[in-house]
Amino acid sequence: MRLTLLLTLLLAAAGAHAADYRAQSGSSLGFEGLYQGEAFEGRFAKFTPAIRFDPADLANARFDVRINLASASTGNPDYDGEMLGESFLDSVARPEARYVATKFRALGGNRFVADGELTLRGITRPAPLTFTWTAGAAPVLAGEAVLKRLQFEVGTGDWADTEVIADEVKVVTRLVLAPSK
């Protein structure tokens with residue numbers, strides 16, 4: 001009986017290390033690319049990250065981020081109208097993208113890689129996110145990933161020309177976190 005109780009307590013303690021977090025104000029999810037050789041930036045105003053992370057317990061870490069595609073904006077009405085349309089994000093037919101990571105690697109110096117997958121336009125592809133973790137009362141996760149938009153069929157038809165719009169898009173995030181309740 002004591003052995004069973006001890007094993008139960010040990011197993012419970014092993015899974016209790018990773019903490020669950022939610023994003024606070026000051027968090028951001030953005031993207032950067034090139035259009036006809038000129039840089040542009042944008043952001044998603046609405047996204048919901050569910051983060052479970054402890055640098056000492058990567059085996060139990062998990063990122064699950066839901067991204068409202070209709071909230072994407074570059075601040076340029078010409079870009080935004082096209083970006084939300086069927087040829088790019090197709091935000092009406094497929095209003096949400098989702099990033100899920102369950103495998104993590106430590107790089108040293110509070111740097112990590114989340115070996116996750118992004119589902120966008122119904123297509124799921126690997127999307128490693130390299131990030132730093134700054135511990136504290138309000139931990140900060142700051143990271144970036146480079147995606148190839150054509151692998152997700154973003155920018156089809158005439159827009160598939162990588163001389164017009166570069167294939168690589170950098171996704172940049174900064175999450176200010178608080179423990180989930």
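Two strands are taken to pair if DSSP finds at least two bridges between them, where strands are DSSP runs of E with at least two residues, numbered from the N terminus. The structure is a predicted model, in which local features need pLDDT of at least 70 and side-chain atom pairs count only at pLDDT 80 or more, while totals for chains, interfaces and linings use all residues. Residues are numbered from 1 along each chain as its sequence is written, and side-chain values use heavy atoms, with hydrogens and water left out.

Strand S1 (residues 19–23) runs antiparallel to strand S4 (residues 47–53) and is joined to S4 by four bridges, with Ala-19 standing opposite Phe-53. S1 also pairs with S11 in the antiparallel sense, over three bridges, and here Arg-22 faces Ala-178.

Phe-53 leads on to the largest nonpolar core, a set of 40 residues in which Phe-53, Phe-63, Tyr-99, Phe-104 and Phe-131 touch the most other members. Strand S9 (residues 123–134) gives the most to this core, namely five residues. Such a core consists of buried Ala, Val, Leu, Ile, Met, Phe, Trp, Tyr and Cys residues joined through side-chain atoms within 4.5 Å, buried meaning under 20% relative accessible area with a 1.4 Å probe and protein chains only. Beyond its neighbours within four places in sequence, Phe-63 has contacts (heavy atoms within 4.5 Å) that include Phe-53, Tyr-99, Phe-104 and Phe-131.

Key
Buried means under 20% relative accessible area, exposed over 50%, partly exposed in between (1.4 Å probe, protein chains only).
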